[in-house]
Amino acid sequence: MQTGDILIGRRFTGHSTETMLLNGGLANHAAMIYVPPNGHGKAFVLDCPSDFGIFNPVGGVAMTELNEWLSRALAQDYEVAWLPLNKDLRTMGDLNEEKLFQWFKQVEHSPYSAV
């Protein structure tokens, strides 16, 4: 997994399922992979779950280590799909890990509705 890859998730419980189905959607959660430069290959997930602390105890925009995020997703009965970023898009030069991290630090823990 590389920075920019997307994780799409869904689970059939709670208000988000109702919204997903009534809007014709196939998922009710999206997240992005972030692998820091010189991070020794450790991957993180950037997301903003709207589950009010059930999935992510901190709430708001969060960065969680990939293995921990996947464990939480499985524990909450999420189905997760990994969507790798197209290699042509990855090489366009717009994907800057340092700028992504700077953005994250500005919005960390902010409510999802403000992002």
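In this predicted model, Ala43 touches Ile33, Tyr34, Val35, Glu65 and Leu66, leaving aside residues up to four places away in sequence. Ala43 also belongs to the largest nonpolar core, which has 10 residues in all. The points below follow that core into the strands and the helix around it.

**The nonpolar cores**

- Together with Ala43, the largest nonpolar core is made up of Leu7, Ala31, Ile33, Val35, Val45, Leu66, Trp69, Ala73 and Tyr78.
- Two or more residues of this core are given by each of β2, which spans 29–34, and α2, which spans 66–75, and the largest share, 3 residues, comes from α2.
- Another core lies apart from this one and holds 7 residues, including Leu46, Val61, Leu100 and Phe104.

**The strands around β3**

- Strand β3 covers residues 44–47, and from it Phe44 and Leu46 point one way while Val45 and Asp47 point the other way, with all of them buried.
- Strands β2 and β3 run antiparallel and are joined by 4 bridges, and within this pairing Ile33 has Val45 of β3 as its bridge partner.
- Strand β3 is also joined by 4 bridges to strand β4, residues 62–65, and these two run antiparallel, with Phe44 standing opposite Glu65 of β4.

**Helix α2**

- Which residues of α2 are buried? They are Leu66, Trp69 and Ala73, and because they cover an arc of only 65 degrees around the axis, they lie on the same side of α2.
- On the other side of α2, by contrast, Asn67, Leu74 and Ala75 are exposed.
- The cover over the buried residues of α2 includes β1, which spans 6–10, along with β2, β3, β4 and β5.
- At the start of α2, a side-chain oxygen of Glu65 comes to within 3.2 Å of the backbone nitrogen of Asn67, and Glu65 is also among the residues that Ala43 touches.
- After α2 comes Asp77, which has a positive phi, near 65 degrees.

**Confidence of the prediction**

- The pLDDT of the chain averages 77, and 79% of the residues score at least 70.
- Confidence in the chain is lowest in helix α1, residues 15–22, where the mean is 71, and highest in strand β5, residues 79–83, where it is 90.
- Strand β5 is also one of the elements that cover the buried residues of α2.

Conventions. Residues are numbered from 1 along each chain as its sequence is written. This is a predicted model: local features need pLDDT of at least 70, side-chain atom pairs count only at pLDDT 80 or more; totals for chains, interfaces and linings use all residues. Side-chain values use heavy atoms; hydrogens and water are left out. A nonpolar core is a set of buried Ala, Val, Leu, Ile, Met, Phe, Trp, Tyr and Cys residues joined through side-chain atoms within 4.5 Å. Buried means under 20% relative accessible area, exposed over 50%, partly exposed in between (1.4 Å probe, protein chains only). Contact means heavy atoms within 4.5 Å. Two strands pair if DSSP finds at least two bridges between them. pLDDT is the predictor's confidence in each residue, from 0 to 100. The arc is that of the directions from the helix axis to the C-beta atoms. A polar contact is a pair of N or O atoms within 3.5 Å; within protein, one must be able to donate a hydrogen and the other to accept it, and residues adjacent in sequence count only if both atoms are side-chain atoms.
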